[in-house]
Amino acid sequence: MSVDEKLDKLALEKEYKFLTKEQVQHFMEKGYLKLPKAFTKEKASEWLSDLWVRLGMDAEDKSTWTQERIHMPHFRRELVSDFCPQAWGAMCELLGGVDRVSEGSAVWNDGFIVNLGRAEDSGRITDPRDLPDWHADGDFFLHFLDSPEQALLVIPLFSDIRPNGGGTFIAPEGVAHVARKLAEHPEGIQPGLGDKLDQFDFLAQMRKCNEFVEVTGELGDVFLLHPLMLHCASRNALRDVRVITNPPVSLNAPFQLSRSNAADYSVVELKTLRALGVDRLDFKPTKDRQRIVPERVRRQQAMKEKEMERLKAAGQKVPKSKWTKPQPGMEHALVQ
């Protein structure tokens with residue numbers, strides 16, 4: 001039995017309530033899966049009701065669409081188990097159970113990522129290899145192969161996304177390239193897009209890939225991806241209104257790639273091992289773990305103040321969160 005077959009067998013032998021065996025197999029092979037119609041349009045409509053006021057733009061007048069992509073701050077927060085029970089259950093199954101998932105990961109918010117496109121890109125198809133912003137997520141910590149801070153990449157769709165309509169591009173082969181890079185650097189790698197020795201050089205990793213997938217679907221679909229998945233914002237050639245979120249997921253403890261009982265591996269850990277071509281790896285960081293406060297957080301705080309002013313000027317109430325407790329472990333990832 002090959003290493004791949006052995007690891008796939010371990011993943012498929014587990015019991016699942018929210019995932020199908022086919023979805024688990026696809027995750028093991030490609031590093032991602034799709035949950036169709038995971039949350040309702042009714043759930044989404046409340047969060048989307050003041051989108052355009054917050055943006056300071058007119059949905060019907062593209063001349064007001066003065067930014068291509070906007071990473072919005074958040075106002076509303078809600079337990080994932082209430083907003084989207086299927087996604088919460090699937091996340092926990094991929095990560096080895098609810099006890100391993102940090103309390104801060106149990107909440108989603110309305111920090112939308114909006115892609116409106118640009119007039120000059122209308123009708124023009126861009127090869128994903130020509131896009132400049134390829135990366136793996138996690139701008140708020142020093143990266144190690146077993147880092148618990150970014151345990152999954154999650155993409156809930158808050159709009160329909162057609163092909164060439166601004167959907168995120170992913171490179172499934174990139175999981176292996178990023179994993180190997182991290183395995184070779186137990187001292188850790190800084191987040192960001194640079195090409196120095198202590199940085200990822202994501203573009204170099206992307207150029208090793210041959211398969212690219214555009215994240216498309218309907219409002220309410222949720223994509224769950226391996227945390228080392230290379231991905232990139234795309235050009236919105238259709239100029240559809242594309243709205244997603246990217247809620248962080250973290251663990252209470254680092255991933256373990258050399259468990260004494262193989263049945264205890266999570267599906268994400270098994271996929272990492274599969275990407276490395278081994279059935280176990282005794283990985284130990286040689287530097288202390290480090291949290292980083294990204295410039296994004298400061299920028300979004302200023303955006304939030306402007307959004308509050310627009311809401312008040314429009315006579316609308318500032319949205320209130322259904323979940324007001326702090327999100328432990330997410331302090332550096334979120335705008336409060």
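1. Is C232 buried or exposed? At a relative accessibility of 1%, C232 counts as buried, where buried stands for under 20% relative accessible area, exposed for over 50% and partly exposed for what lies in between, computed with a 1.4 Å probe on protein chains only. The model discussed here is predicted, so that local features need pLDDT of at least 70 and side-chain atom pairs count only at pLDDT 80 or more, while totals for chains, interfaces and linings use all residues. Residues are numbered from 1 along each chain as its sequence is written, and side-chain values use heavy atoms, with hydrogens and water left out.

2. On the cysteines, the structure holds zero disulfides, a disulfide being a pair of cysteine sulfur atoms within 2.5 Å. C209 is in no disulfide, and the nearest cysteine sulfur, that of C232, is 12 Å away. Seen from C232, the closest cysteine sulfur is the one in C209, and the 12 Å between them is too far for a bond. C209 is also buried, with a relative accessible area of 3%.

3. Helix α6 (residues 85–94) deserves a separate point, because eight of its ten residues are buried and the helix is therefore largely enclosed by the rest of the structure. Helices here are DSSP runs of H or I with at least four residues, strands are runs of E with at least two, and both are numbered from the N terminus. The buried residues of α6 are A87, W88, G89, A90, M91, C92, E93 and L94. What covers them includes the helices α2 (21–30), α5 (80–83) and α9 (267–276), together with the strands β1 (32–35), β4 (107–109) and β9 (222–225), with contact taken as heavy atoms within 4.5 Å. After α6 comes G96, whose phi is positive, near 95°.

4. Strand β9, which is among the elements covering α6, is itself covered on both faces: V222 and L224 on one side, and F223 and L225 on the other, are all buried. β9 runs antiparallel to β1, to which four bridges join it, and V222 is the bridge partner of L35. Four bridges also join β9 to β6, again in antiparallel fashion, with L153 standing opposite L225. Strands are said to pair if DSSP finds at least two bridges between them.

5. A further sheet is open and consists of three strands in the order β8-β7-β10, with antiparallel pairing. β8 (213–214) and β10 stand at its edges with a single partner strand each, so one side of each is left without a neighbour in the sheet. Between strand β7 (residues 169–171) and β10 there are three bridges, and the partner of A171 in β10 is L230.

6. The largest pocket has a volume of about 1,200 Å³, and of the 45 residues that line it, H71, I113, D137, N246 and R296 are the closest to its centre. On a 1 Å grid over the protein atoms alone, a pocket is an open set of points with protein on both sides within 12 Å along at least five of seven lines, a cavity is a set where a 1.4 Å probe fits but cannot get out, and lining residues have an atom within 4 Å of a point. Grid points are joined across faces, edges and corners, and a volume is the space filled by probe spheres set on the points. β2 (69–71), β6 (153–156), β10 (230–232), β11 (242–244) and α10 (295–313) each supply at least two residues of the pocket lining, and α10 gives the most, with four residues. The lining divides into 23 nonpolar, 15 polar and seven charged residues, where Ala, Val, Leu, Ile, Met, Phe, Trp, Tyr, Cys and Pro count as nonpolar, Asp, Glu, Lys and Arg as charged, and the others, Gly among them, as polar.

7. The structure also holds one cavity of 30 Å³ or more. About 140 Å³ of space lies in the largest cavity, and of the 17 residues that line it, L145, S147, Q150, P227 and L228 are the closest to its centre. This lining divides into eleven nonpolar, five polar and one charged.

8. K37, although it is not a glycine, has a positive phi of about 50°; K37 lies in the loop between β1 and α3 (41–48) and counts as exposed at 61% relative accessibility. R239, in the loop between β10 and β11, has a phi near 60°, a positive value in a residue other than glycine, but R239 is buried, with a relative accessible area of 10%.
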